[in-house]
Amino acid sequence: MPDTNPLFQLSQTPHTELPGFARTFRRGELTVGLSLPIEEGAEESPEDSLDNQVRLIRKAEDAGFAAVWVRDIPLRVETFGDVGQVWDPWMYLSYLAARTSTIALGTAAVVVPFQHPLLMAKRAATLDRLSGGRFLFGIATGDRPEEFPAFGQDRGTRGDVMAEHLRVYREAMTTSYSPIRWSGGKMGGADIVPKPSAREVPLLATGSLQQTMQWRAEHTHGWLMYHKGLEMQKVNVDNWNAAVDTLGGGWKPFAESLWLDLHPNPDAEAEGHHFGYRLGRNALIRLLHKQREIGISHVMVNFRISERDAEEQIDEFIQYVMPEITPAD
């Protein structure tokens with residue numbers, strides 16, 4: 001007899017109809033999200049700051065921020081100088097899912113070579129279900145050399161491992177009781193549940209994934225890219241759109257990670273600063289308009305390394321910047 005439990009059934013709903021994807025990615029528009037941790041001190045005292053981080057996330061949610069993003073930093077590497085993310089991304093986003101209602105919840109990004117592909121499928125589908133379709137699954141191959149031997153991996157083959165793990169992940173998520181074989185194991189007479197609430201959880205490439213542009217366009221639903229100048233980023237967007245067009249399946253979004261330090265002078269011009277800019281809000285508004293014009297759909301804003309208090313900058317962003325970038329009804 002067929003399964004009647006919807007958690008076990010394969011869905012035919014397109015991923016584009018999920019609340020998290022629809023809130024974050026709209027063709028021709030630009031939305032903004034928050035990168036966590038929001039504040040510099042949140043890493044040094046994560047327990048003390050957790051309630052405050054949730055409060056700031058709720059403020060951003062109410063103001064129309066589209067998404068909140070967490071990184072996957074498995075190990076605290078002594079020589080790297082950046083803890084990055086104290087909390088495990090799967091558990092942290094589950095925690096945030098229970099304390100928010102509409103904001104999308106994204107990873108930027110889970111290090112796929114260190115994940116068991118079957119457990120990765122179960123965790124992604126679980127988070128999708130528990131959040132009501134708000135999960136956005138950003139993936140990466142990893143960049144901290146010390147982590148690879150700790151997980152028994154060869155850094156030089158991380159692209160191949162990622163591609164194989166992703167194949168297994170997608171087979172487990174989109175089939176029922178289908179035999180799956182890969183270099184690390186095999187599954188037969190068993191199934192991964194729950195199944196996602198759409199055909200797939202939205203899958204977003206972060207960086208190159210050690211793959212070609214065409215591979216990324218074919219195997220993911222969007223591209224998250226590090227900050228580049230407008231001229232270089234326009235080339236990336238154009239190349240991405242060209243690769244997507246060859247598939248004949250329509251539009252796929254492009255997003256950028258942007259570190260910001262809002263200058264107290266609203267008319268201050270932009271200066272290069274920590275993977276982004278130190279600038280006044282008027283220059284920021286002009287920048288966001290230009291980013292939208294070249295085809296960027298979402299900007300992940302990071303206030304963590306800045307001179308001013310993060311909440312003060314968020315309040316200024318909400319009051320002055322959001323009205324200028326939010327389309328009129």
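Predicted model: local features only at pLDDT ≥ 70, side-chain atom pairs only at ≥ 80, totals over all residues.
**View 1. Helix H8, end to end.** H8 covers residues 230-245, 16 residues in total. From first C-alpha to last, H8 reaches 22 Å, close to the 22 Å expected at 1.5 Å a residue.

View 2. Look for Gln233, Asn236, Val237, Trp240, Ala243 and Val244, which are the buried residues here. Seen down the axis of H8, these buried residues fall within an arc of 130°, so they line one face of the helix. An α-helix has 3.6 residues a turn, so residues three or four places apart point the same way. Over on the other side of H8 sit Glu231 and Asp245, both exposed.

View 3. The buried residues of H8 pack against helix H7 (213-219), strand S8 (222-225) and strand S9 (254-262).

**View 4. Strand S9, covered on both faces.** Of the 9 residues in S9, 9 are buried. One side carries Phe254, Glu256, Leu258, Leu260 and Leu262, while Ala255, Ser257, Trp259 and Asp261 are on the other. In a regular strand the side chains alternate between the two faces of the sheet.

**View 5. The partners of S9.** S8 runs parallel to S9 and is joined to it by 3 bridges; here, Trp223 has Phe254 of S9 as its bridge partner. Strand S12 (residues 298-302) is also parallel to S9, with 5 bridges between them, and Ser257 stands opposite Met300 of S12. Strand S11 (residues 276-279) pairs with S9 in the parallel sense over 4 bridges, with Trp259 opposite Gly276 of S11.

Note on methods: Residues numbered from 1 in each chain as written. Heavy atoms only, no water. Helix = DSSP H or I, 4+ residues; strand = E, 2+ residues; numbered from the N terminus. Expected span 1.5 Å × (residues − 1). Buried < 20%, exposed > 50% of the residue type's maximum accessible area, 1.4 Å probe, protein only. Arc of directions from axis to C-beta. Contact = heavy atoms within 4.5 Å. Pairing = 2+ DSSP bridges.
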